[in-house]
Amino acid sequence: MPDAPMPERGAAAAWGSHNLGRRALIAIMTALMLTLLLQALDQTMVALAMPKIVGSLAGFDRYAWVVTAYVLGATVALPIAGRLSDQFGRKGFVLGGIAVFLAGSALSGAASTMGELIAFRAIQGAAAGCGITLVFSVVADLFEPRERARWSGFFGAVYGFASFAGPTLGGWLAEHGPLIGQFVTDDTRWRWVFYIHLPFGLIAFGVLAALLPAHLSERVTRERGWAAVRRIDFAGAGLSAAATILLMLALTWVSVDRAGWGSPRALAGFAVSAALFAAFYWHERRTSAEAILPRAILEVRDFRSAAAYGLLVGMVWLSIVFYLPLYLQGVAGMSASAAGVAMLPLTVAQTLYASCIGTMLRRTGGHYRGLATFGSIVLLLALVATTQMGATTPQLLVSVVMIAIGIGIGVFMPVTSTLAQIVVPRSMLGAATNSVGYLRSVGQMLGVAAVGAIVQSSLGANGAPVAALRAGARVEGLETALQNGMAAIAVFALVLVIAVRLARDVSVFGEAAGGRGPSPK
């Protein structure tokens with residue numbers, strides 16, 4: 001389908017046009033990075049602590065749900081919050097997201113059962129979708145595309161740093177966190193994995209509440225009261241939420257039913273979910289309200305490319321972050337803290353490469369496809385190598401594979417959201433940014449759940465022995481199960497390579513088009 005004409009963009013917000021002093025701007029950007037750090041640290045730290053958490057609370061059959069509940073909550077909230085922030089301004093949603101996220105973190109740390117932990121993780125995820133992921137939209141409000149690409153590289157480095165620090169910190173806290181009477185015992189030191197968010201969040205909340213302008217974003221809704229509420233796309237929000245939740249349930253049924261992928265209720269769930277997604281797409285193209293996914297965005301080819309990258313990178317990234325620690329502990333026989341150290345090559349490579357992307361883009365005039373092609377191919381080859389890793393694989397080889405994965409992922413972190421933002425009018429920045437975030441979250445949920453279903457079905461109905469996970473011992477049968485799961489992740493990466501090659505080679509600076517969109521090379 002040819003690109004649809006886009007509405008006229010408002011003037012880009014260049015450095016200093018927001019009347020913020022240098023110190024205030026630096027403080028705001030630091031607070032935004034801390035806010036993003038909350039979300040990234042949470043996912044990577046929890047992954048390393050999961051064997052200890054399962055050993056303490058039991059319930060290996062719900063292993064993946066601790067992560068997928070978080071992702072599911074974020075997925076449901078993301079598109080809704082993005083569009084509402086366009087309508088009513090972003091500051092309130094950012095601050096509200098931080099506050100609820102901190103509450104969810106405190107509750108998760110206090111959980112006494114797997115069911116409680118899963119529920120509180122869903123609260124954390126919904127808060128992240130509501131506010132924390134809007135930091136990229138705030139950056140787009142603050143800076144014009146060239147400066148935005150540079151800052152996106154720094155934010156990509158924040159993700160990488162969290163991936164670097166998160167596994168190490170998560171593993172250390174799970175084994176050596178401070179004891180508190182009978183509440184935090186040797187078996188429940190993992191609670192600190194959640195409590196560590198609180199100081200970061202309080203600092204970020206205070207700085208943004210004091211310094212972030214309330215009217216920075218361009219609001220598309222001028223009405224007030226009930227008239228403004230009527231402009232909200234409730235039907236679209238409901239369809240997207242229902243389709244996402246049902247998809248998650250279907251994937252869960254695959255892992256628990258004896259029939260696996262042939263489970264009747266799972267197949268029915270997939271079918272109804274697909275129908276709901278189709279209805280959501282149809283509704284968004286025709287609604288007269290402020291659509292969650294506006295038609296003007298949906299019909300732009302370059303936005304669809306960014307959306308595909310978000311979905312596929314999400315499927316790869318969280319699956320790797322979640323299941324590589326399980327390989328290191330359950331197959332290679334490492335302790336949680338040792339596994340955190342072993343993950344450093346991946347996270348350092350991702351951090352360094354993401355932080356350099358802005359410089360690389362300036363040298364190519366913003367044209368990204370060559371970098372994306374290189375990154376996706378390196379990622380694919382590394383993931384193919386993971387399908388052969390076992391208990392006897394040399395650690396040096398595992399480290400080389402991790403470096404390659406980090407390089408591949410590092411390319412896409414800053415590029416995806418920047419590409420989505422430069423093809424839309426400023427009044428739709430929140431919708432575009434969070435739509436890509438929504439699909440990234442869907443991808444994370446799909447990836448972890450699909451790989452989890454494969455691993456669980458390969459292990460059999462009983463899963464992995466809790467005692468072995470608690471002791472950090474090798475788990476019989478887990479090696480083959482994880483190799484099967486890694487093969488699925490490699491397929492995700494292959495589709496990413498194809499998506500990159502089918503995309504146009506455009507500039508993420510959008511300069512040739514006067515700031516209104518990307519220009520083909």
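Is Tyr368 buried or exposed? At 1% relative accessibility, Tyr368 counts as buried, where buried means under 20% relative accessible area, exposed over 50% and partly exposed in between, with a 1.4 Å probe and protein chains only. This is a predicted model, in which local features need pLDDT of at least 70 and side-chain atom pairs count only at pLDDT 80 or more, while totals for chains, interfaces and linings use all residues. Residues are numbered from 1 along each chain as its sequence is written, and side-chain values use heavy atoms, with hydrogens and water left out.

**Aromatic pairs**

- The structure holds six aromatic pairs, a pair being rings of Phe, Tyr and Trp (its six-membered ring) with centres within 6.5 Å, and planes under 30 degrees apart count as stacked, over 60 as edge-to-face and the rest as tilted.
- Among them are Tyr309 and Tyr368, whose ring centres lie 6.0 Å apart with planes at 70°, so the pair is edge-to-face.
- This pair links distant parts of the chain, 59 residues apart, with Tyr309 in helix H13 (residues 301–330) and Tyr368 in the loop between helix H15 (344–363) and helix H16 (369–386); helices (H or I, at least four residues) are DSSP runs, numbered from the N terminus.
- Tyr309 is buried, with a relative accessible area of 1%, and ring pairs link Tyr309, Tyr368 and Phe412 into a cluster.

- Leu379, found in helix H16, is buried with a relative accessible area of 0%.
- Leaving aside neighbours within four places in sequence, Leu379 is in contact (heavy atoms within 4.5 Å) with Val316, Ile405, Gly408, Ile409, Ala493 and Leu496.

How values were computed
Helix = DSSP H or I, 4+ residues; strand = E, 2+ residues; numbered from the N terminus.
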